[in-house]
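Open the model in your viewer and keep the selection tool ready. This tour goes stop by stop.

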Amino acid sequence: MTQSSLSLTDLAARWAATYHPDAMTARQMRHVTQDLSALSDVSDPRELTPVHLGAFQADLLRHYPRPTARRMLGLAHALLQCGVSEALLATNPARGLTLCPSPVPALRPFFTPDDLTRIFSHRRFTAHALPSARDARGLAAYWLPLILLCTGARIEEAAALRTDALCYRADTPPIPYWRFADRGAKTAAAQSPRPVHPILCRLGLLDYVASLPPGSDLFPLLIPGHTGRRAERFCRDFHRFLRQEVGLVEPNKTAHSFRHTFAHACRQAALPTNVIGALMGRIFVYESHEHEDREIPLAALQQAMARVTFPGFPL
């Protein structure tokens, strides 16, 4: 590669060869280089200036949540720093640019009973009136909010579910349970068995899963977006749904609020902390010292899950 032919794509290839990123990070870097080139109208990274990077930062904040914008700005910084390390660039024009975490309240927002009534009384849930927008991703628009509410799962965990994630233990009657196995799961406990909430059984989720080909995705239309996340487009549609069709105006209430709603419902049911952790994929052990390393029995978790209710849920 000669100095006269250096491009952002060339630099990204150097960065990938040096740092061997995982597939998601490599995909995100491709989008960073494309977006940075298009916004700045510069293909040669040696022509980039701090002004270009400042405009890129502002554009990220307009189009992505702050945590995603921080990550993508960090990738741009890493890309250009690689150029400096390889003596391809004299300076890093992204140096000094940072995005502080959002100044959000310490209290994590959950959906109130009135919120749940408004959300799940919508025709999307009462009449299966699925939106035509491509971003809604088919039946995910109906099932994914219900799964998020009734599991407390992280969005990417739920979006990546496959038919073989739903299992049955040979009890009488059989106990249906999830075995989450998302690549992005933060803890080993996130992949431990978690019982299926009775609401999902009553609404027909088990029949829906049984109707799909074995080993297939529950939501095949959820494909990775610009950030490499499968739920990216769903989250965008659900955000619009909350604001425009349900009328929730609080900006900090999003699809992720279902996780906090589930945790709040568990606390309202007076479940022990370790049981709540097990149901949400955090911890899976007894609190007492003599049982420190033992898993909580699935039947006990099923009984605990049956105690978790959601006031205001209309279905």
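Which residue in S2 does cysteine 167 stand opposite? Cysteine 167 stands opposite tyrosine 177. Before going further, note that this is a predicted model, in which local features need pLDDT of at least 70 and side-chain atom pairs count only at pLDDT 80 or more, while totals for chains, interfaces and linings use all residues. Residues are numbered from 1 along each chain as its sequence is written, and side-chain values use heavy atoms, with hydrogens and water left out.

**Stop 1: the whole protein**

Show everything as a cartoon. There are 14 helices and three strands. Helices (H or I, at least four residues) and strands (E, at least two) are DSSP runs, numbered from the N terminus. Of the 315 residues, 47% are buried. Buried means under 20% relative accessible area, exposed over 50%, and partly exposed in between (1.4 Å probe, protein chains only). Now show the surface. The protein exposes about 15,700 Å², and carbon and sulfur atoms supply 55% of that area. Accessible areas come from the Shrake-Rupley method with a 1.4 Å probe; for residues, only the protein chains shown count as cover.

**Stop 2: the sheet**

Select residues 175-179, which are strand S2. Four of its five residues are buried, so S2 is largely enclosed by the rest of the structure. The open sheet has the order S1-S2-S3, with antiparallel pairing. Two strands pair if DSSP finds at least two bridges between them. Strand S1 (166-169) and strand S3 (193-195) are the edges, each pairing on one side only. Neighbouring strands are turned by 45° against each other on average, direction ignored.

Look at the bridges next. S1 and S2 are joined by four bridges. One partner pair is arginine 169 and isoleucine 175.

**Stop 3: two packed helices**

Select helix H2 (residues 23-40) and helix H3 (residues 50-63). They pack at an angle of about 115°, with their axes 10 Å apart. Axes are lines fitted to C-alpha atoms, for helices over the stretch in contact, and angles run from 0 to 180 degrees between N-to-C directions. Now show the side chains. Val32, Asp35, Leu36, Leu39 and Ser40 in H2 meet His52, Leu53, Ala55, Phe56 and Asp59 in H3. Contact means heavy atoms within 4.5 Å. By class, six of these residues are nonpolar, two polar and two charged. Ala, Val, Leu, Ile, Met, Phe, Trp, Tyr, Cys and Pro count as nonpolar, Asp, Glu, Lys and Arg as charged, and the others, Gly among them, as polar.

**Stop 4: two loop residues**

Most residues other than glycine have a negative phi. Where does histidine 20 lie? Look in the loop between helix H1 (8-19) and H2. Histidine 20 has a positive phi of about 50°, although it is not a glycine. At 64% relative accessibility, histidine 20 counts as exposed.

Move on to alanine 87, in the loop between helix H4 (66-85) and helix H5 (113-120). Its phi is also positive, near 60°. Is alanine 87 buried or exposed? With 61% relative accessibility, alanine 87 counts as exposed.
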